Amino acid sequence: MEPLLLSIRLAVCVSAILFVLGMPLAYWLAYSLWRGKFLVESVVALPLVLPPTVLGFYVLVAMGPRGPLGKLWQAAFGHGLAFTFTGLVLASVLYSLPFAVQPLIAAFESVDRKLLDASAVLGAGALRTFWRVILPMSVPGVLTALVLSFAHTLGEFGVVLMVGGNLAGVTRTVSIDIYDHVQSLEYADANRMALVLLAFSFAVLSVVYGVNRRVGRRVWSPWPSR
Amino acid sequence: MALEIKTTGLTAQVRVERLGAATPSFLLDVSIEVFPGVTILFGPSGAGKSTLLDCIAGLLRPNAGRIASGEEVLFDSESGVDLPPQRRRIAYVFQSLALFPHMSVEANVSYGLAHLEEAQRSARIGAILEAFRVEKLRTRKPGEISGGEKQRVALARSLVTLPRVLLLDEPLTGLDAELKASIVDDLRAWNVAQEIPILYVTHSRDEVDALGERVIALEQGRVIGHGNPREVLDAPRRKKLAQAAGFENLLSASVVDLREPDGVMRVRLEESTSEIEVPLGYATPGDRVRVAIRAGDILLATQRPSGLSARNVLEGTIASLERRGNMVIVRVECGVALTVHVTPGATRALELAVAKPVWVVLKTHSCHLVND
């Protein structure tokens, strides 16, 4: 069960970081009038199309002892980043970024602009408008973002393999564990883990689509429901 | 000793450039003054009414101009003053009302009172909910109340902040006349004590008549008339305004001759040989003019009328009849096509039917000259 617990710990950390990081980023992407915004949008969406090995490769290089991030980390904390849990969290945050940010953008953008105008005319600044109007009206989007970043992190394989390697208790996540079992022809063990992951992913997606359906509003998802 | 009058009116000189136009042109180029009381901003859709309100509220930055409420400057392109909407103290009720759907009526109304203490806030909310007769709806959500109630709540939410100007963008569209009148009465009653300028946007002629103290007519981003509603809208000078003000008949004509002693001139309707008398205008024989006539101002007769003061009688036949509510729309072909409104009763009494010959009677002073 150790790999499963590690995966869950990783997913919780990544979702929490993405929740804090994704909110202002999505707000900016939804409302900024800057012309070059599309470039940032492309960067955020990159992990959707990039093979995990490509992303993992560059993150590994950056985190390595001679990479800029690795050197910085070494100087600050006295040890490297590659093949550590922290390194894994960092890589996963990048990899799951679009799954957190895009549902948030979609939710923020679907809030009627007139409500924002009304809020401003009634004396509320940007922060109050965000807390009192935008966020409460974006609850389904926020939930979607949380659930998808959690589920996506839980199921990732390529990036973990590139950046984390396969260290028991440190970087050996469920998907790596399943791969290991298959390599060793331990199909029963592989099946047990795979089944857990399958059931969990199905449950998570059901929650997301169910909520979207009840709210009656389309919320972004990587796999359109219709 | 000179008497100093402190003005609490709103003045706005606003220029908004059209985006992406090949030659620099203005989407909006107006100068208006709004005094305490209700002023109607009237014009066809696309005339720039909402754009002007957005500028006044601070939601849209004009390219040039100056906006002031009494002594306080809200926007001035020359001195660089541009107060954000949060600090203008201008209330704005949108056509969509923009009530916060996730908040109760009470939370909506208290939204603009965040700066007040609890006791003061609840006193103000209580008073305004009562003034607009929605105190029973406190705990309801906007989705659970009727259209008229929503409009009352939207007014209450805006006015509870004690704004210095109230902007209303067609807030009462879609309400029946009685409900509209009762909301307008409550609004007027509230404003007796406050005496703030209220700028009321509409393109409905009925609302102008119900509310009108003063009207500013806007067309294609320009002010084309202001004053009392009868002066501005009953004698429209321009084609677009005539259409908007409910003149169903707009006829092209050319001036035949001027009869100054009679105060009239004769014009020949285009594509016909019919001549009619219209009020004397600034024109010379041969000039092309447009004549606007309300469908409700035209009389129909089934026999050639005689002994009438009306000078214009045209012979024609009925092309079509169409019942709409309490009105029958008759189209008469008499050299030109005219639209005439009659009652269903008159239709029966005169046995009006398609292809029946009729005589159309136009009073000279029901014929208004308009410019393009």
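Select helix H8 (residues 139–154) of chain A, which is mostly covered, with 14 of its 16 residues buried (20 or more other C-beta atoms, placed from the backbone, within 10 Å of a residue's own). The end C-alpha atoms of H8(A) are 22 Å apart, which agrees with the 22 Å that 16 residues should span at 1.5 Å a residue, the expected span being 1.5 Å times one less than the number of residues. Helices (H or I, at least four residues) and strands (E, at least two) are DSSP runs, numbered from the N terminus.

This is a predicted model, in which local features need pLDDT of at least 70 and side-chain atom pairs count only at pLDDT 80 or more, while totals for chains, interfaces and linings use all residues. Residues are numbered from 1 along each chain as its sequence is written, and chains are lettered from A and ligands numbered from 1 in the order in which they are written.

Next, select H1 (residues 2–31) and H5 (residues 85–109) of chain A, whose axes come within 7 Å and cross at roughly 45°. Residues of H1(A), among them Leu10(A) and Ile17(A), meet residues of H5(A), including Leu97(A) and Phe108(A); contact requires C-beta atoms, placed from the backbone, within 7 Å. The residues of this contact of H1(A) with H5(A) divide into 20 nonpolar, three polar and one charged.

Finally, turn to the two chains, where 15 residues of chain B are in contact with 14 residues of chain A. On the side of chain B that touches chain A, strand E7 (residues 90–93) of chain B gives the most, with three residues.

Notes. Axes fitted to C-alpha atoms, helices over the stretch in contact; angles between N-to-C directions. Nonpolar A, V, L, I, M, F, W, Y, C, P; charged D, E, K, R; others polar. Buried ≥ 20, exposed ≤ 12 C-beta atoms within 10 Å, placed from the backbone.
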